[in-house]
Amino acid sequence: MSRRSAHAQRQNFGQKRLRVLVDLDGVLCDFEGYFLEKYREKFPHEPFIPLEERKTFYLRDQYAKLRPDLPDKVRDIYNAEGFFLNLPEIEGGCDAVKEMVQMEDVDVFICTSTLQYYKYCLQEKWVEEHLGSNWLDKIILTKDKTMANGHILIDDRPIIKGACQPPPWQHVLFTTSFNRSIDLNGRQRLDSWTDGKWREIIEDFKKRV
Ligand SMILES: Cc1cn([C@H]2C[C@H](OP(=O)(O)O)[C@@H](CO)O2)c(=O)[nH]c1=O
Ligand SMILES: [Mg+2]
């Protein structure tokens, strides 16, 4: 093989590879469940919203309707030191992406946003601990996911807007408490990492690249 084609192969030039973007919070780690656990621990006498009744993407929006002072308490929980680092894995998620990255002609990236108060939420540490240090090169940290050039974005946020319209990727909605009953508008849904459906979705998208 010539030096030039070896280089091209390393860079994947001329190859049709599927680029999969995988969100972190609500897809690989359980933001909603862990929030509720910590909120109830810290504010046992305050009203709370059970997971089955969650409706909005932002927790604060729904807690504000319950009582106007609650959003500040909500923010105290996820802005606290250690909250992000201690988020538990969503069952099967880390194993699935580790398997996905080994699939032929598939590249996987973690595509995640930080909180406005980013001091304790830089997600690299979680990725390193749960996926391994080789995944640090695969993190895309952005407030605007439409600028990430993948073919698929697996994300729990129902509406994802940004500077690039339409976005380069197809949105696969990962099911979580607040998005269970929203209109899919032609999108696919992934309910879990444990039923094997993610493999079918990836194989199906590979045919379309
Ligand atoms: C404030 C807030 C953040 N998040 C998540 C979404 C973002 O991560 P991700 O893009 O990995 O899903 C992260 C920073 O906003 O926290 C919620 O899921 N609900 C909330 O109410
Ligand atoms: Mg998310």
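Start by selecting strand E1, residues 18-22, together with E4, residues 152-155: the two run parallel, joined by three bridges. Keep in mind as you click around that this is a predicted model.

Now zoom in on Val22. Its bridge partner in E4 is Ile154. Turn to E2, and the bridge partner of Val22 there is Ile110. So much for one residue; next, show the whole of E2, residues 106-112, beside E1. Five bridges hold this pair, and again the strands run parallel.

Four of its five residues are buried, so E1 is largely enclosed by the rest of the structure.

Move on to E4 and show its side chains. In a regular strand, side chains alternate between the two faces of the sheet. Which residues sit on each side of E4? Ile152 and Ile154 are on one side, and Leu153 and Asp155 are on the other. Every one of these four is buried, so both faces of the strand are covered.

The pairing is parallel, over four bridges. To find one of the contacts, pick Ile152: its bridge partner in E5 is Gln170.

Time to zoom out and colour by domain. The domain assignment gives domain 1 as 6-30 + 89-206, and domain 2 as 31-78. Where the two touch, ten residues come from domain 1 and ten from domain 2. Select the domain 1 side of that contact and you'll have four nonpolar, three polar and three charged residues.

- Asp23, Leu24, Asp25 and Gly26
- Phe31, Tyr58, Leu59 and Tyr78
- Thr112, Ser113, Thr114 and Leu115

Colour the shell by class and you'll see six nonpolar, four polar and two charged residues.

Notes: Residues are numbered from 1 along each chain as its sequence is written. Chains are lettered from A and ligands numbered from 1 in the order in which they are written. This is a predicted model: local features need pLDDT of at least 70, side-chain atom pairs count only at pLDDT 80 or more; totals for chains, interfaces and linings use all residues. A residue is buried if 20 or more other C-beta atoms lie within 10 Å of its own, exposed if 12 or fewer, and partly exposed in between; C-beta atoms are placed from the backbone. Two strands pair if DSSP finds at least two bridges between them. Domain bounds come from an automatic or database domain assignment. Two residues are in contact if their C-beta atoms, placed from the backbone, lie within 7 Å. Ala, Val, Leu, Ile, Met, Phe, Trp, Tyr, Cys and Pro count as nonpolar, Asp, Glu, Lys and Arg as charged, and the others, Gly among them, as polar. A residue is near a molecule or strand if its C-beta atom, placed from the backbone, lies within 6 Å of it.
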